[in-house]
Amino acid sequence: MDGWMDQTLEALHGNGDHDDNNVTSWVSVCPRGLWKVQQERTGMESQQTVSTSGDDAPCASISRPRMGSLCRVRVRLKADGDVAESLVSENGIEKLSVTEFTDSVAQAFPRCQDSVLQVPLGDWTTLRLGEGQCDITEACVEGMRAGEKCEILISPIGNGPDVSVSNPTEENLPLCATVELKAFTPGKESWQVSPAEKWEWVKSHKERGGVRFRSGDVWGAADSYSRALKLLITLYGHIREVKKQGQEQADEQKDTNTGDETQHLPSANEFKTTKAELHSNLSLCQLKLNQPERAKASAAKATQLEPGGTKAWYRLGQACQMVNELQEARQAFRKLLEIQPESPAALKALKNIASREKETNAQLGLRLSKMFS
């Protein structure tokens, strides 16, 4: 998978720098770009881990949220959090019954360009770990226990493309905030998630990426497509084995995996097509974020998987143009014309390449004439 977002996701999942036992740092992604996050655990409040096993016994205190866990969290800016502490001590800690929490659903909030933290500040919120609603919050809670609280310091990374908004709603930077994890339901480690469940996650991330891109959240869209690719890659061996065994055994496997008819495994062709679309969509995001080398690599993968994909060839040509590889760009656009004759976009791009080459040759000729005059 493309290195830039893969490294970001690895950092999000605990591979950041550890200054000591209580302080961790990593790079996260939000609609305004890439941000460095420093986290310090500050202590425990009353623990409340929710079990869905049928009884009301809490999970072991050492357990932490995993993929798919519903997490009851609250994020507050540090100044607001200091004021709120006195109110907590006076009014007591929020009580949450097992039934109330397990019957709740993850809350979806529109992601906005002028915000770093993509959750309502100051309110208790239910998030599903792994969906990427707020990458910073998710990265914090997946290393926390129920009742634990941490402080985070967030600052922008200045060497990325400038896609930020001038006046963030969270006031001045860097931001200092607190994250509290009140309770969570059991989730699953990656190896515990069935292939059918992973496929549902892939489709969900792909759809979410499209929604984010259309809303202008290019960083968030790229994150969603990268998450989908990371999960999809883990399905490759299973899909290959299913194809090898034949459709009859594949149908039996589907019947034993789940009773939900809406959950199914993709065919080998559907798997390849989905992977190609994800690489192509990621390439478009990288073009928008002014990352032509990465866009070129993503588009090239898409064309290898689906040689008939017109969008991938066009994006490959665009990326090659941006890095001034005009011969490779011409080849990509000519391939697009083979698939889609008289494509206005391809014809216009080839005309632009010819104009650039003519200008380059004229400049070269002028320099040579001066050298030998």
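Mentor: We'll go from the core out to the helices and loops. Keep in mind that this is a predicted model.

Trainee: Okay, the core. Which residues touch the most other members of the largest nonpolar core?
Mentor: Leu117, Ile136, Val141, Ile152 and Ile154 do. That core has 28 residues.

Trainee: Which elements give two or more residues to it?
Mentor: Strands E2 (23-30), E3 (33-44), E4 (70-77), E6 (148-156) and E7 (175-184), plus helix H4 (135-141). E7 gives the largest share, five residues.

Trainee: And what does Val141 touch?
Mentor: Leaving out residues up to four places away in sequence, Val141 touches Pro65, Cys71, Val73, Leu129, Val179 and Leu181.

Trainee: Why is E7 called largely enclosed?
Mentor: Nine of its 10 residues are buried, so the rest of the structure largely encloses E7.

Trainee: How do E4 and E7 pair?
Mentor: They are antiparallel, with seven bridges. Val73 is opposite Leu181 of E7 there. E6 also runs antiparallel to E7, joined by six bridges. Cys150 has Val179 in E7 as its bridge partner.

Trainee: Where does Thr185 sit?
Mentor: In the loop between E7 and helix H5 (195-214).

Trainee: Is Thr185 buried or exposed?
Mentor: Buried. The cut-off is under 20% relative accessible area, and Thr185 is at 6%. A polar atom of the Thr185 side chain also lies 2.9 Å from the backbone nitrogen of Leu70.

Trainee: Which H9 residues are buried?
Mentor: Among them are Phe271, Ala276, Leu278, Leu282, Cys285 and Leu287.

Trainee: Where is Leu337 found?
Mentor: In helix H12, residues 326-339. Leu337 is buried, at 18% relative accessible area. Thr310 is 27 residues from Leu337 in sequence, yet their C-alpha atoms are 8.8 Å apart.

Trainee: What does Leu337 touch?
Mentor: Beyond four places in sequence, its contacts are Glu342, Ser343, Ala346, Leu347 and Leu350.

Trainee: Where is Glu342, then?
Mentor: Glu342 is in the loop between H12 and helix H13 (344-372). It is exposed, at 62% relative accessible area. Its phi is positive, near 65°.

Trainee: What about Asn324's phi?
Mentor: Asn324 is not a glycine, but its phi is positive, about 65°. Asn324 is in the loop between helix H11 (310-322) and H12. At 52% relative accessibility, Asn324 counts as exposed.

Trainee: And which residue with a positive phi follows H9?
Mentor: Asn290, with phi near 60°.

Methods
Residues numbered from 1 in each chain as written. Predicted model: local features only at pLDDT ≥ 70, side-chain atom pairs only at ≥ 80, totals over all residues. Heavy atoms only, no water. Helix = DSSP H or I, 4+ residues; strand = E, 2+ residues; numbered from the N terminus. Buried < 20%, exposed > 50% of the residue type's maximum accessible area, 1.4 Å probe, protein only. Contact = heavy atoms within 4.5 Å. Core = buried A, V, L, I, M, F, W, Y, C linked by side-chain atoms within 4.5 Å. Polar contact = N/O pair within 3.5 Å; in protein donor to acceptor, adjacent residues only side chain to side chain. Pairing = 2+ DSSP bridges.
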